[in-house]
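These are my notebook entries on a structure that is new to me. I set down what I looked up, entry by entry.

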Amino acid sequence: GITKQQLKAYEYFKTIQTNKKIHLIGHSKGGNLALFIGIVCNEKRLNQISKIITFNAPQFKIDKLDLYINRIKNKRFLDKILIIENEKDFVSSMFRSIKQPLIISSKYQGNHFIDFYESHQIWGFKIENNELIVCDSKRKMKFIKLLKKTMLYMAISKAIFSIKQKKIKKNLKKLLLNSAKLQAIMMSLF
């Protein structure tokens with residue numbers, strides 16, 4: 001559905017008083033908010049918006065925006081939108097895009113878990129000769145495989161920590177027990 005952040009962004013947008021053209025630009029959640037404002041604003045404000053540009057923004061569950069379906073399918077509205085996504089970004093893959101995105105090649109290979117984070121960032125786009133390198137489609141990174149490896153590593157680490165913790169407690173108990181016996185023996189000598 002509609003989030004608190006989307007409502008707050010729209011409320012803020014309504015307070016902006018200007019006769020100038022407006023560009024709504026955002027990365028990730030900011031891009032989602034920019035698109036949302038364009039979808040729900042009235043016709044007068046939509047006429048003021050000259051462009052909505054998003055970078056790696058999560059999209060929408062279209063069925064949750066039934067009230068705005070005419071706007072979402074409106075060619076004049078869609079012509080204002082430029083959706084830019086990294087070929088390996090997973091955040092922008094959430095839900096269905098309201099318009100075909102421009103896919104940009106990634107600087108990252110996707111062989112490490114950190115590549116998922118890096119591919120989502122603005123600096124994750126591949127640039128050559130001061131131009132973004134366009135790609136034909138999203139590439140599937142081995143996200144699930146890497147996630148499973150990471151979760152397995154975390155589970156093993158937790159298990160080892162737990163075993164070490166139990167050994168420490170056991171040895172501490174022995175030490176305290178022996179210390180109590182030692183204290184009793186020492187007290188009996190005096």
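This is a predicted model: local features need pLDDT of at least 70, side-chain atom pairs count only at pLDDT 80 or more; totals for chains, interfaces and linings use all residues.

Residues are numbered from 1 along each chain as its sequence is written, and side-chain values use heavy atoms, with hydrogens and water left out.

Entry on Phe 95. I found Phe 95 in the loop between strand 3 and strand 4 (102–104); strands are DSSP runs of E, at least two residues, numbered from the N terminus. Is Phe 95 buried or partly exposed? I recorded Phe 95 as partly exposed, because its relative accessibility is 45%.

Entry on Asn 86. I located Asn 86 in strand 3 (residues 81–86). Asn 86 counts as buried because its relative accessible area is 0%. I looked up its contacts (heavy atoms within 4.5 Å) beyond four places in sequence, and they include Asn 56, Ile 104, Phe 125 and Lys 138. Ser 119 is another of these contacts; the C-alpha atoms of Asn 86 and Ser 119 are 6.4 Å apart, although 33 residues separate the two in sequence.

Entry on Phe 77. Leaving out residues up to four places away in sequence, I listed Gly 38, Ile 39, Leu 46, Ile 52, Arg 71, Ile 72 and Ile 98 as the residues that Phe 77 touches.

Note on methods
Helices (H or I, at least four residues) and strands (E, at least two) are DSSP runs, numbered from the N terminus. Buried means under 20% relative accessible area, exposed over 50%, partly exposed in between (1.4 Å probe, protein chains only).
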